[in-house]
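Dear colleague,

Please find below the structure for your records.

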Amino acid sequence: MIQTSGVIICLGYIFGLLFTAVPWGGVWILVLGIVGAIIFRRRSTLRQFAQKPENAGSKNKTVSNTWQTTPHARIWLAAGLVGLLATVYFQWRVPQPGAKDISQFVPPGNNNNQEQLVIVRGKVTSNPRLTRSQRGQFWLETTQLDEVKNDKGSAGVPKGVTGKLYVTVPILQATGLYPSQEIAVTGILYKPKAASNPGGFDFQKFLKQEGTFAGLIGRQINVLDQERKWGWWQIRERIVRSQVRWLGVPEGPLVSAMVLGSKAVDLPYDIRDLFVQAGLAHALAASGFQTSLILSVILQLTRRTKKGTQFTLGFLALIIFLSLTGFQPAVLRAVIMGFAALVGLLLKRKVKQFGSLLLAATLLLVFNPLWIWDLGFQLSFLATLGLVVTVTPLVNSLAWLPPAIASLIAVPLAATIWTLPVQLFVFGVVPSYSLFLNVVSTPLISVISIGGIISALVGLVWTEAGSFLAGVLHYPTDWLIKLVEFFSKLPGNSVAVGSISNWQLLAIYLLIILVWLVPWWQRRWWFANVIAIALVFIPLWHSTNTLFRITVLESGTEPIVVVQDRGSVTVINSGDEGTGRFTILPFLQQQGVNQINWAIATDFQGNESNAWFELMQRLPINNFYEYSPKTDDSITTQAIQQELQKHQGIYQSLAVGQSVKAGSTVAQLINDQLPILQLQILDQNWLLVGNVKSKEVKQLVKNGSLPHPQVLWCAPESLKDLVIALQPQVAIASSANFDPKTLSELNQSQTKLFFTGRDGAIQWTPNGQFEAFIEATENKSSLL
C-alpha cells in the first residue's frame, strides 16, 4: 500500500511539473486526480460488493487483500493536489533578475551597436572553456560594476551588483583562471537574444536556465586575487593533465570526458559533434555506467568486509565522483540510485530499480524543479527507465541468440526506444546507424571507461604512473574515434524527419507505456511500432508534399531565402560558415529536409562564402548555381565542384540576365556590378537588393533598371530610398536598429515593414500573411 501510494504521489509531482507547459496545467492535473479518485473508489466498492453475497467470513480476507493492493481514492486526490502545488512551486522557482542583478544595468546602447565599456568585478565560478569562436568562456559571480567614462579608462561611481554573468574573453586572457578567483573584467555588457529562426539556439533560454540574464564580451582581465584556493577543480585538472600527457589530443580529453563527463572536461568541439551526430553522445556523459562501475569495483574489493564498511566506502566513492563531475543532473540521478543500492545492501533488502529511479527523479526535481525541462536530465531519466523496464523483455524476445549478444543488443535498443521521441521533438533527426554503432562500440567504451577510471585514480597518487596507464588506452581510443568517423561518413548517416509536435510526442509515449504495462499490447508490440512510425512519417509526408512556404532567415547582412515547394527545396545564399551551421542546417533539419534541390549563390557580401561546404557535408545539393565577379577557377569554386561530384550534383555559373527555374521560383540577376536578384515566386515579384548607395538607387530607378516588386529585401541603409521609389507591399530589412524619425516616416506609407534583427525570420505561405517568427513564438508562449 505504502509503496504503490508513494509511486502515485511521485508521479503526481512529476506530471505536475510537466503540465506547466499546458495552459492551466495545475488545474488539469488536479482534475485528473479527482477523476482517478472517483474511478478507483467505484472499483473498490464494486469489488467489495461482489464479494459479500457468499460466505462473508471466508471472503473477509480477500476483501482485505484487495484493499491492500488497490490505492485508496484519497491517494489519487492527494496526487492531484501535489501536482497542483508542483505547478505553483515551479513558477515560484523560475529565476527572475533581482533589483541589483547585473542585467538591470546593461546600457541600452549596447544593444544598438554603441559600445559602452564597463568594469565588472566578481568571483570566477567555473574553469574556462574554449568556445566555437576560439574565445575563452567562464561564469562570473558579480559583486561590483563600474562604468568607464572615457577612453583613458577612468570609471564612474562603483555600484554593488549581484547575479551571474556569461563571460567570453580572448583565449589568452582566460588562460590560468580558476574557480573562486577574484577578477575584474573590462568589456561590454549585453542581454542575450532569444532564437531568431525556427530550430535556432535560444541563448536567452539557455542562460535563464542557469539563472543568468546578461553576458559580457570581455576585452581585458585584471586578477585581483593571486592566492590559489583549493577546490575540486584541482583534482579534476590533475586527472586530465595526467591522461593527456601520453595520450595527446583528442584521445586524452576524450578519455577524461568518458570518466568525468564532457561538461567537466574541455573536449574539442569536432570530437563532441562527431559523437553527437553518430548517436553516441551518452558515451561522453558521466552517469549510470560510471556509477555502476565504481560501485562494482568497490563492492568486489571489499566483499570480505562488513556490510557497514562496504556502505561507507561506496558512499565516499560516490561523493567523490559526484564532486569531480560537477553536480550534473544526470550524475546526481545515478548517484542517488547508487545510494539506494547501498542502503539495500546495508539493510539486506532488495531495492526495486523502478522505485529507486522514481525517488531519485522526485528528489532532484524537488531540489530544482527547472530540471524537468533540462534535456540532459530528460534523456538520462528516460534511458535509465528503458534499461529498468524494457531490457528484460527484449532479452527474452532475443532468447534465440547467445545471452551475451542478446544483452548487448537489448541495452542500447531499450535506451533508444525511450529516448528517441524526445530527440525527434527537440532535434528532428534520427542517427541511422546509432543502434548498430552502439552495439559494436560497447566493448571499446567499456575498456576505455574502466581503464580511464583506473588511470585517473592512479594519476592522483602518482602522475607518471597514471599517464603510463592512460597511454595503454591509445589504441582503443583511436579505434573508437575512427569507428565513429567511419559511420559518420556513411551515406544517410542521419535522416531528418522534422521536429514532431506535442501531440505526436504524447501519442508515441502512450504507445510505449501501453506496451510496457498492458499484456494485450505486449503481445502486439509490432502493431504499436507500426502506429508509432505512422505517427511520425504520415504527417511528414503530407507536409512535405503539400507545403509551400517562403522563409527569410535572420542572418545578418546577407539575404538567405529558403523556398519549400511541395517537396523540393531552394536555398538562396548561405552566409558565413557559422550561419550555415547554426542557422540554415537547424532550420532544414527541423523541417525534415534531407536534400537541397536548388542552391543559388549570388555573392551578396562581396566575398567567397564558406557555408556551402558545411551544408554539402550534411545535405546533398542537386543543382548549384553560383554568380561571383571573381574567376570561376578560384579555390572555393573548385572545392564546391569537387563536393558536388560526390553526390552527382550539377554546378553551373550564373550569368547576369540568366533565368534559373527552381520549381515554382524563377531567379534572375539583373545587374553585373551591384548585388540585385529578382525572384518570381508564384504570382509574387521579390527583389533582393544588397548594399547599394543612395545615389546608385536613384540612378537605377531613373534608368528603369529596378522593377516594382511586391516584396523587397534590402540593407537598412537603402531602405528609405527603395521604399519611396519602388513602393512595395512588404519591405524586409536586415537590421533591428533604425532611425526613429525615418521609421516614423516609413510607417506612414502603405508598405508593411519587417526587420529580421528585431522580428527574426519572416515566413509567408500562399494562404496566409507574412509572419514574424519572434512575434509568433511570443504569442504561443503567452498562451502557455
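In this predicted model, strand S12 (residues 568–572), helix H23 (residues 577–590) and strand S13 form a β-α-β unit that is right-handed. S13 covers residues 596–601, and six of its six residues are buried. Strand S13 has pairing partners in both S12 and S14. With S12 the pairing is parallel and comprises three bridges; Val-571 lies opposite Ala-599 of S13. With strand S14 (residues 621–626), S13 also runs parallel, joined by five bridges. There, Ile-596 has Ile-621 of S14 as its bridge partner.

The buried residues of H10 include Gln-290 and Thr-291, along with Leu-293, Ile-294, Leu-295 and Ile-298. Among the elements that cover them are helices H8 (251–260), H11 (307–325), H12 (329–347) and H17 (434–461).

As to confidence, the mean pLDDT of the protein is 84, and 89% of the residues score at least 70. Among the elements, strand S5 (residues 164–170) has the highest mean pLDDT, 95, whereas helix H3 (residues 56–69) has the lowest, 45. The pLDDT is below 50 over residues 56–68, a stretch with twelve contacts in the model beyond near neighbours in sequence. Where pLDDT is low, predicted coordinates should not be read in detail.

Yours sincerely

Technical notes. Residues are numbered from 1 along each chain as its sequence is written. This is a predicted model: local features need pLDDT of at least 70, side-chain atom pairs count only at pLDDT 80 or more; totals for chains, interfaces and linings use all residues. Side-chain values use heavy atoms; hydrogens and water are left out. Buried means under 20% relative accessible area, exposed over 50%, partly exposed in between (1.4 Å probe, protein chains only). Helices (H or I, at least four residues) and strands (E, at least two) are DSSP runs, numbered from the N terminus. Two strands pair if DSSP finds at least two bridges between them. A crossover is right-handed if, with the strands pointing away from the viewer, the path from the first strand over the helix to the second runs clockwise. pLDDT is the predictor's confidence in each residue, from 0 to 100. Contact means heavy atoms within 4.5 Å.
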